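Have a look at it before you read on.

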Amino acid sequence: MILTVAEGIDEKIKEIHEKFVNLAKNEAVDLQFGLYQILDDDQNIMMITQRAN
């Protein structure tokens, strides 16, 4: 019975770990997308400024 409980706990720990890993990956993708948007906005601003000059 103790082994069954230990296995159940181990399985839950693995599930929680997987959720944290997935969350971290999603956050990294969101951050990367946000950085690309900022860079794109900067490039657009620079093009507009160059055209104005």
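Here is a tour that goes from the overall form to single side chains.

Keep in mind that you're looking at a predicted model. The protein chain holds one helix and zero strands. Its radius of gyration is 23 Å, well over the 10 Å that the globule rule gives for 53 residues, so the chain is more spread out than a compact globule. You can see that in the C-alpha trace too, which spans about 80 × 5 × 5 Å along its principal axes.

What share of the 53 residues is buried? It's 0%. The chain exposes about 5300 Å², and carbon and sulfur atoms supply 64% of that area.

Some of that surface is a nonpolar patch: Met1, Val5, Ile9 and Ile13 form it, with about 460 Å² of accessible area together. Take Ile13, which sits in helix α1 (residues 2-52). Its relative accessibility is 51%, and because the cut-off for exposed is over 50%, Ile13 counts as exposed.

Now for the charges. The chain carries 5 positive and 10 negative side chains, and the centres of the two sets are 3 Å apart. Side chains of opposite charge can pair when their charged atoms come close. Here the count comes to two salt bridges.

One joins Lys14 to Asp10, at 3.4 Å from N to O. Both residues lie in helix α1, four residues apart, or about one turn of the helix. Asp10 is partly exposed, at 38% relative accessible area.

Glu15 and Lys12 make another salt bridge, with their closest N and O atoms 3.5 Å apart. They're also both in helix α1, three residues apart, again about one turn. Glu15 is partly exposed, with a relative accessible area of 33%.

Key: Residues are numbered from 1 along each chain as its sequence is written. This is a predicted model: local features need pLDDT of at least 70, side-chain atom pairs count only at pLDDT 80 or more; totals for chains, interfaces and linings use all residues. Side-chain values use heavy atoms; hydrogens and water are left out. Patches are made of residues with over 30% relative accessible area and no salt bridge: like charges are joined within 9 Å, nonpolar side chains (Val, Leu, Ile, Met, Phe, Trp, Tyr) within 5 Å. Accessible areas come from the Shrake-Rupley method with a 1.4 Å probe; for residues, only the protein chains shown count as cover. A salt bridge is a side-chain nitrogen of Lys or Arg within 4 Å of a carboxyl oxygen of Asp or Glu. Helices (H or I, at least four residues) and strands (E, at least two) are DSSP runs, numbered from the N terminus. Buried means under 20% relative accessible area, exposed over 50%, partly exposed in between (1.4 Å probe, protein chains only). The radius of gyration is taken over C-alpha atoms; the globule rule is 2.2 Å times the number of residues to the power 0.38. Lys and Arg count as positive and Asp and Glu as negative; His and the chain ends are not counted. The place of a charge is taken as NZ of Lys, CZ of Arg, CG of Asp or CD of Glu.
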